[in-house]
Amino acid sequence: MAEIVYPPVIAAAKTMFRLLDLKIRVEGADRIPRTGGAVLVSNHISYLDFIFAGFAAHPARRLVRFMAKKEVFDHRISGPLMRGMHHIPVDRSAGASAFGAALKSLKAGEVVGVFAEATISRSFTVKDIKNGAVRMAVAADVPMIPVALWGTQRLWTKGRPRKLLQRHVPVTITVGEPMRPKRGDDYEAVTKELHERMAELLDRAQRGYPEIPQGVWWQPRHLGGTAPTPEEAAAMDAAEAEARRRT
């Protein structure tokens with residue numbers, strides 16, 4: 001497919017990284033295949049995660065097609081960019097269409113990016129995940145690659161003001177060992193293993209982060225921060241969903 005939009009967007013992002021002197025560290029980038037389809041499964045802590053998860057594939061010279069909610073494609077600014085980069089819209093009321101589009105991309109040799117938690121984790125831990133990524137990998141017969149991001153929440157996350165021009169922020173991108181689920185596997189068991197691997201990668205990124213201050217909002221509670229616990233975050237998500245349902 002023609003790549004008119006994606007390369008300039010990447011170039012602009014890399015320029016911003018340099019100007020802001022973001023301290024980006026990518027670990028395990030060699031685990032992303034240079035050819036063929038793959039499902040890249042990342043945790044989700046920031047509105048900017050698609051940029052940094054996609055950056056993990058840059059050393060392999062791959063462009064990641066992310067699955068993102070339909071509303072992003074409806075926006076007058078982000079919509080044309082998302083379509084131009086051939087990302088995949090997800091209408092939660094008609095999920096089969098997005099699954100089919102992702103499967104088509106995978107079978108064509110593309111890397112498809114998935115945020116399996118569906119929404120940003122307010123607790124900065126890995127939330128429960130669904131088995132969609134596993135089903136896609138099996139249906140397309142491609143590897144599934146877990147990724148953990150850390151530090152991106154400091155730039156822009158749910159419930160906090162945007163700090164897009166903040167300088168010198170460390171960002172860690174950790175790529176895990178590929179998984180290769182097969183037909184006949186217990187999808188829920190594989191999904192549980194995927195969750196465990198993502199949680200381990202995230203914990204490694206958090207504990208190896210250059211800055212580990214106590215009492216800051218962007219640090220998870222179990223590491224001395226003031227972010228909501230997973231239970232508190234789940235209650236906040238439920239309240240938000242109920243408020244949307246009523247409007």
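Helices here are DSSP runs of at least four residues (H or I) and strands are runs of at least two (E), both numbered from the N terminus.

**Figure 1. Eight helices and seven strands build the protein chain.** This is a predicted model. The chain has a radius of gyration of 17 Å, close to the 18 Å that the globule rule gives for 247 residues, so it is as compact as a globular protein of that length. Its C-alpha atoms fill a box of roughly 45 × 40 × 40 Å along the principal axes. Take contacts between residues at least 6 apart in sequence: 74% of them join residues at least 24 apart.

Figure 2. Beyond its neighbours within four places in sequence, Phe-52 touches Phe-17, Leu-22 and Ile-24, along with Leu-149, Thr-152, Leu-155, Val-171 and Ile-173. In soluble globular proteins, nonpolar side chains tend to be buried together.

**Figure 3. His-44 lies in the loop between β2 (38-42) and α2 (49-55).** Although in a loop, His-44 counts as buried because its relative accessibility is 12%, and the cut-off for buried is under 20%. Leaving aside neighbours within four places in sequence, its contacts are Asp-49, Phe-115, Glu-117, Ala-118, Thr-119, Ile-120 and Ser-121.

**Figure 4. The surface of the protein chain exposes about 12400 Å².** Carbon and sulfur atoms supply 56% of that area. Now for the charges: there are 37 positive and 26 negative side chains, and the centres of the two sets lie 6 Å apart.

Notes
Residues numbered from 1 in each chain as written. Predicted model: local features only at pLDDT ≥ 70, side-chain atom pairs only at ≥ 80, totals over all residues. Heavy atoms only, no water. Contact = heavy atoms within 4.5 Å. Buried < 20%, exposed > 50% of the residue type's maximum accessible area, 1.4 Å probe, protein only. Rg over C-alpha atoms; globule rule 2.2 N^0.38 Å. Areas by Shrake-Rupley, 256 points an atom, 1.4 Å probe, with all protein chains shown as cover. Lys, Arg positive; Asp, Glu negative; His and termini not counted. Charge placed at Lys NZ, Arg CZ, Asp CG, Glu CD.
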